[in-house]
Amino acid sequence: MLTALAVLGVALWWRKNPSACPYSQRFWVEAPHPLITRDRLREILEPAAGERILEVGPGTGYYTLDMAEWVGPEGAVEIFDIQQEMLDHTTDRAAERALRNVRPTQGDAQELPFEDDSFDAAVLITVLGEIPDQDAALRELRRVLKPGGRLITGELFGDPHFVTEGRIRSGGEAAGLTYERRVGPKLGYFARLAA
């Protein structure tokens, strides 16, 4: 009972103090994702060869490597993270699989260092709730998406930073994005918004 209360207390504190999952706890992002699967991501993302995709918060590359294969060598997956260790880990894994279209950039998602209208899609999986100013991040993502570009967010209940579908819809609309649809149950889903 005491352990459960301690875990709940940490989760509540973490929810009120958003921050990225530390590299030292990367096992959380390496664990299987039963509801937010790669197949569901591919279904909602609808990637095409040659596209340029921005992945914010790639963790250790759980989804990155598949996306890099989906867009092919003529496309690119730009990974963006506040932690250099996560970027290094993911690019090392990409090199092991001979994927040369994964490109890292370190920085803060509240201020993206990319040109306007430069990505076909952007992906954030269990990341939006870790960003202190979600609205600023959504505005920046809208800015860097091409007209008609897709923003995909993935959320999994149990994550202390879980963001509800309603919050994603309202935040996205305030940033100039149109909510399109959801794939998966409300406890573990991908949402798609369009620029």
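Helices (H or I, at least four residues) and strands (E, at least two) are DSSP runs, numbered from the N terminus.

**Entry 1: ground rules.** I am working with a predicted model, where local features need pLDDT of at least 70, side-chain atom pairs count only at pLDDT 80 or more, and totals for chains, interfaces and linings use all residues. Residues are numbered from 1 along each chain as its sequence is written, and side-chain values use heavy atoms, with hydrogens and water left out.

**Entry 2: overall layout.** I looked up the secondary structure and found seven helices and seven strands. Along the sequence they run α-α-α-β-α-β-α-β-β-α-β-α-β-β.

**Entry 3: confidence.** The average pLDDT (the predictor's confidence in each residue, from 0 to 100) is 90, and 84% of the residues score at least 70. Residues 10–15 fall below 50, and this stretch has 11 contacts (heavy atoms within 4.5 Å) beyond near neighbours in sequence.

Entry 4: Of the 195 residues, 50% count as buried, meaning under 20% relative accessible area, with exposed over 50% and partly exposed in between (1.4 Å probe, protein chains only). Among contacts with a separation of 6 or more, 74% join residues 24 or more positions apart.

**Entry 5: helix 7.** Which residues of helix 7 (residues 165–174) are buried? I find Glu165, Ile168, Gly171 and Gly172. They sit on the same side of helix 7 because they cover an arc of only 135° around the axis, taken from the directions from the helix axis to the C-beta atoms. Their cover includes helix 6 (134–144), strand 5 (145–156), strand 6 (178–183) and strand 7 (188–194). After helix 7 comes Gly176, with a positive phi near 95°.
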